[in-house]
Amino acid sequence: MPAKQAKGEYIETDTGNKVSRKSNIVGSQNIILGGEYTIIQAECTIRGDLRRTIPSSSSSSSSTNPGSTSSSSSHSNVAIAIGRYCFFSRSCVIRPPCKTLKGQFSYYPMKLGDHVFVGEGSVVEAAVVGSWVKIGKDCVIGKFAIIKDCVKIEDGTVIAPNTVIPSFSLVRGRPGVVVEELPETAPEGLDCKFLLFSHSLSCLDSTSSPEGQCNGWMNNKC
């Protein structure tokens, strides 16, 4: 019989976020968990240490406005901002995008909205991922991609750098292209609360993958 999820594997925050002790979170001081009930599974890597090193225009302007120095400084230190009700599956990688601009190499902030699901083994280097977005397993989301609200990205999809995916899109392929428009009811099917509730009840043991539960829920709703 397969072993069940080890008791005490997760550290739970005051707002209900659950972070696996086996996850790899680097530079946590530069990561904002913006709300409730986000789950980070084992072997997931989140690279908050890869933050912007080039001064932004707002921080430059703060030199002429001393009162804004502290707020602009804290803003520039944010590498990854994560919304509410997000689920990061095993072995996925969340890494801010990078580029060389005017001879200077730097990483740039990444923002993820609410109800974002990232499947097992996927790598995300987008600039923005909107709300109600499901990224399947073994996907690659290229640097500075913008994924708008209500998007479903199927397993194994590779989205090229700088791609903009419009709202209510079903995306698949290598490179990923929009193959279908999702219905207006898509947000209901892309809502992660059902999956997070299942996890909190210890339903996601080794015999039941989060992708399986999420896919079943979404396929019934989308």
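# Charges, loops and backbone features

E120 is partly exposed, with 36% relative accessible area. This model is predicted. E120 belongs to a negative surface patch. Across the whole structure, a search finds five salt bridges.

**Negative patch**

- E43, E120, D138 and D155 form a negative surface patch.
- E120 sits in the loop between β13 (116-118) and β14 (123-124).

**Salt bridge R84–D114**

- R84 and D114 meet through their side chains in a salt bridge, 3.8 Å from N to O.
- R84 is in the loop between β7 (80-82) and β8 (87-88), and D114 is in the loop between β12 (110-112) and β13, so this pair ties together parts 30 residues apart in sequence.
- R84 is partly exposed, at 34% relative accessible area.
- D114 is partly exposed too. The value for D114 is 22%.

- The side chains of E125 and R95 form a salt bridge at 3.2 Å, N to O.
- That pair links distant parts of the chain, 30 residues apart. E125 is in the loop between β14 and β15 (128-129), while R95 is in the loop between β9 (93-94) and β10 (98-101).
- A salt bridge also brings together the side chains of K143 and E125, at 3.9 Å from N to O.
- K143 lies in the loop between β17 (140-141) and β18 (146-147) and E125 in the loop between β14 and β15, so the pair ties together parts 18 residues apart in sequence.
- Shared partners join R95, E125 and K143 into one network of salt bridges.
- E125 counts as buried because its relative accessibility of 10% is under the 20% cut-off.
- R95 is partly exposed, with a relative accessible area of 27%.
- K143 is partly exposed as well, at 31%.

**A buried threonine**

- T38 occupies the loop between β4 (31-33) and β5 (39-40).
- T38 is buried: its relative accessible area is 0%.
- From the T38 side chain, a contact reaches the backbone oxygen of G83 at 3.3 Å.

**Cis peptide bond**

- R174 and P175 are joined by a cis peptide bond. Its omega is about 10°.
- P175 is placed in the loop between β22 (169-172) and β23 (177-181).

**Positive phi angles**

- K102 has a phi near 55°, which is a positive value in a residue other than glycine.
- K102 is found in the loop between β10 and β11 (104-107).
- K102 counts as exposed because its relative accessible area of 81% is over the 50% cut-off.
- F168 has a phi near 60°, also a positive value in a residue other than glycine.
- The loop between β21 (164-165) and β22 holds F168.
- F168 is partly exposed, at 27% relative accessibility.

Note on methods
Residues are numbered from 1 along each chain as its sequence is written. This is a predicted model: local features need pLDDT of at least 70, side-chain atom pairs count only at pLDDT 80 or more; totals for chains, interfaces and linings use all residues. Side-chain values use heavy atoms; hydrogens and water are left out. Patches are made of residues with over 30% relative accessible area and no salt bridge: like charges are joined within 9 Å, nonpolar side chains (Val, Leu, Ile, Met, Phe, Trp, Tyr) within 5 Å. Accessible areas come from the Shrake-Rupley method with a 1.4 Å probe; for residues, only the protein chains shown count as cover. A salt bridge is a side-chain nitrogen of Lys or Arg within 4 Å of a carboxyl oxygen of Asp or Glu. Lys and Arg count as positive and Asp and Glu as negative; His and the chain ends are not counted. The place of a charge is taken as NZ of Lys, CZ of Arg, CG of Asp or CD of Glu. Helices (H or I, at least four residues) and strands (E, at least two) are DSSP runs, numbered from the N terminus. Buried means under 20% relative accessible area, exposed over 50%, partly exposed in between (1.4 Å probe, protein chains only). A polar contact is a pair of N or O atoms within 3.5 Å; within protein, one must be able to donate a hydrogen and the other to accept it, and residues adjacent in sequence count only if both atoms are side-chain atoms.
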